[in-house]
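We will go from a sheet to the cores.

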Amino acid sequence: MKADRIPIKLVIGIIIALCFSIALFFRTFFPYDIVFSDGLIKFTGVDAYYFMRLVDNLVQNFPQPISFDPYLTYPGGQGIGTPPFFTWFLAGIIWLIGLGSPTEHTVDLVGVYFPAVLAALSVIPVYFIGQALFGRLAGLISAGLIAILPGEFLGRSILGFTDYHIAEMLFTTTAMMFLILAIKTSQERGLTIDHLRRADWATANKPLIYSLLAGIFLGIYFITWPGALLFTFIIAIYLVIQSVINHLRHESTEYINLVGFTVFMVALAIYAPVWHKPLATVSLGIALFIPAGLTIISQLMTRRNIRPAYYPLALLGLGAVAVTTLYVAAPSMLRDMLAAFSIFTPSGLELTTLEMQPLLAPRGELTPGLGWGNFTTSFFLFPPSPSLPEWMHYLPGLGLIALGILTGIFIYQAIKTRNAPKSLLLLIVWSLVMLLAVLGQRRFAYYFAANIAILTGFLSGQIIVRTYYSTRYYGFPNSVKMTLVGSVALISIFIALFPNINPALAVATQARFAPTEGWVSSLTWLRENTPEPFGDPNAYYQLYQPPPRGEPYKYPESAYSVASWWDYGYWTLRIAHRIPHSNPGSDPKSRANTARLFLSADEESAKPIIEEIGAKYIIIDNLTTLNKLSAISQWAGMPREHYYDSYFIPQEDNRAARVLLYHPEYYRSLAVRLYNFDGQAFIPTETIVISYEEREEGKLITFAEVFDSYEEAAAFISNQESGDFRIVGRHPFNSPVPLAALEQYKSIHSSQTIEIPAFGVIVPEVKIFEYIGD
């Protein structure tokens with residue numbers, strides 16, 4: 001076959017297959033040794049252990065999913081608040097591969113590869129969106145970029161990150177692909193209701209098929225993620241804006257809203273029988289009326305020769321009436337709908353959760369690091385670097401520039417011409433809403449990855465294409481033309497793709513959220529050496545019915561909980577098959593209970609808490625008493641400064657050095673006494689007393705003295721008549737105050753040791769204690 005006769009579709013297919021392979025390679029090869037270690041299979045996401053717990057149960061009871069799980073939290077158990085499709089999809093594949101009786105190894109093996117395959121598949125809808133809107137070249141660049149884009153999208157789709165996040169992104173991107181195609185074909189064919197009445201399928205077939213497919217994937221999205229209202233909002237906003245534009249320009253709104261009505265109708269038909277959440281059902285039901293209302297009002301005003309400018313005013317009035325009616329008839333429903341928009345502005349305790357922090361201010365201060373780390377040159381043109389002026393760190397990247405250009409082009413075309421493609425507005429609205437979402441919470445970066453890849457593909461492709469046509473226009477010789485276009489193509493693609501490689505490698509090789517060897521070995525020990533909470537190991541795989549409304553779940557006498565910080569609850573559940581008191585999805589009360597238990601100042605204050613939560617074992621690691629203590633104190637309702645604080649020590653060069661010092665309340669907390677001191681008595685050999693002044697930059701130490709004993713230090717402070725004097729410690733494993741031995745807790749297991757370089761100690765990473773009571 002001659003080269004010039006190779007079908008272009010075959011070439012494109014090969015390139016897309018290559019993008020798929022690269023995406024899969026990045027996600028499976030680099031984290032492989034972390035996931036498959038010492039004969040074990042580890043998952044790389046915290047929530048992955050929750051989903052695999054559901055899969056464990058489902059493959060044993062297929063196709064019946066568990067709806068209430070007493071293993072999730074104790075006491076009370078927990079209803080399954082997750083729509084079932086993701087676990088059905090994964091468990092169904094595992095069930096088929098295992099011929100109806102898969103082994104634990106098969107479950108784990110298929111489970112760890114699942115997110116990587118889903119992410120690799122995303123290159124297909126990303127390509128077709130780029131191709132439909134901007135041409136094949138833009139589509140191919142977009143597909144290549146999404147394959148290697150780092151940050152949240154890659155991190156949440158590596159081997160073992162078995163969570164529904166990447167399924168959300170794949171389903172929504174596919175739904176938007178079919179919606180764009182439906183709008184594009186319906187606009188080209190001038191689809192109207194009359195075509196359906198006359199059964200003119202030659203005109204209606206493609207728009208309807210694309211609309212049905214968009215509705216199917218939107219419905220699947222709804223039965224995958226509880227927060228799926230986000231895309232209902234995006235589509236509804238688009239329909240309103242596009243209908244207003246069409247009406248003002250005396251164009252029909254029928255074809256747009258026929259597509260919108262079909263999409264919402266199919267999505268509701270899929271969602272309503274499967275998952276019963278009033279908020280989503282009512283919202284989809286309301287969404288059905290939006291496209292119908294937009295067209296009916298437009299047609300009525302046109303027939304009565306009412307000025308087009310009154311159309312948006314009529315919509316605002318009807319919207320106000322609808323909101324008022326809902327407020328009067330179902331105020332709680334309206335509050336829930338408005339609360340769904342809190343994703344754009346997380347606050348309070350939500351900000352202690354890493355994924356809910358703002359993209360550009362994760363710790364409250366503006367920083368470009370996460371923006372670059374997620375999207376590189378697509379978001380900011382230059383990486384954060386001390387060698388660059390700070391203003392250069394925030395120069396918008398290719399994708400953001402493209403979004404600005406496309407928005408400007410659309411506005412110009414909508415005002416000056418009738419040629420503005422309707423599907424382009426959908427991309428703009430979709431991208432702007434997702435940009436706001438990701439600026440509010442960094443977790444939405446895995447959604448915005450599709451948008452930024454398509455936008456970057458557009459700009460890079462346009463640079464290449466316009467260079468090509470410019471060389472033709474000016475009549476350059478073919479050799480010059482090929483050299484110039486080739487050079488521009490290489491540079492454009494290089495700038496769009498190459499900066500992503502090193503950040504992608506860094507993300508893929510870390511697997512930051514996989515349990516460590518210390519945690520896996522400790523939880524395995526717990527499973528093998530402690531009583532079964534239900535008396536039977538097979539109870540883990542049984543289906544359970546929820547208790548009657550308002551009544552607690554009745555556990556057997558043998559049941560108990562395991563107390564650890566809530567980050568580790570799902571690990572405890574699936575690895576140890578034991579019941580955590582709190583987990584990442586449990587109610588705030590259980591998290592606060594654990595926090596108050598860990599920060600209890602003595603055994604007497606801890607006793608009512610540990611007996612209330614039914615904890616027989618406590619698991620603590622080094623991060624709990626060090627890195628996580630700030631979040632724990634917030635959940636306990638105590639300021640971090642009660643336990644430790646930053647101080648500044650004057651230096652000879654008139655500058656001040658920052659130092660972290662620990663207060664007596666830190667050392668007296670239950671978690672620290674257990675982990676740092678093994679529950680044993682401790683007599684300090686030195687006690688530091690400081691005095692400080694509050695300055696604008698913080699607490700400045702004005703006096704410091706080391707005493708040989710706590711008693712001497714306490715006596716010194718009692719003799720001071722003025723000044724802020726207090727006892728502090730500079731080392732978390734060396735208390736400045738005496739500690740009594742804990743009588744009600746027994747050390748029963750310690751994992752292999754790790755070194756904590758910041759404090760020069762070698763300690764077991766994880767320790768398990770048994771509560772033995774009085």
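This is a predicted model. Start with the open sheet: its four strands run in the order E5-E6-E15-E12, and the pairing is mixed. Now select the two edges, strand E5 (561-563) and strand E12 (745-750). Each has a single partner strand, so one side of each is left without a neighbour in the sheet. Look along the sheet for its twist, which averages 30° from one strand to the next.

Next, select E5 together with strand E6 (residues 615-621). This pair is parallel and is joined over three bridges. Pick Ala-563, and opposite this residue you will find Ile-618 in E6.

Now move to the cores. Which residues touch the most other members of the largest nonpolar core? Select Phe-231, Trp-430, Met-434 and Leu-597: these are the ones, in a core of 225 residues. Then select helix H9 (residues 165-189), which gives the most to this core, with 13 residues.

Zoom in on Phe-231. What is this residue in contact with, leaving aside its neighbours within four places in sequence? Show Thr-172, Met-176, Leu-218 and Tyr-221, then Trp-430, Met-434 and Tyr-447.

For the last stop, select Tyr-647, Ile-688, Ile-690 and Ile-701. They are among the seven residues of another core, which lies apart from the largest one.

Note on methods
Residues are numbered from 1 along each chain as its sequence is written. This is a predicted model: local features need pLDDT of at least 70, side-chain atom pairs count only at pLDDT 80 or more; totals for chains, interfaces and linings use all residues. Side-chain values use heavy atoms; hydrogens and water are left out. Two strands pair if DSSP finds at least two bridges between them. Axes are lines fitted to C-alpha atoms, for helices over the stretch in contact, and angles run from 0 to 180 degrees between N-to-C directions. A nonpolar core is a set of buried Ala, Val, Leu, Ile, Met, Phe, Trp, Tyr and Cys residues joined through side-chain atoms within 4.5 Å. Buried means under 20% relative accessible area, exposed over 50%, partly exposed in between (1.4 Å probe, protein chains only). Contact means heavy atoms within 4.5 Å.
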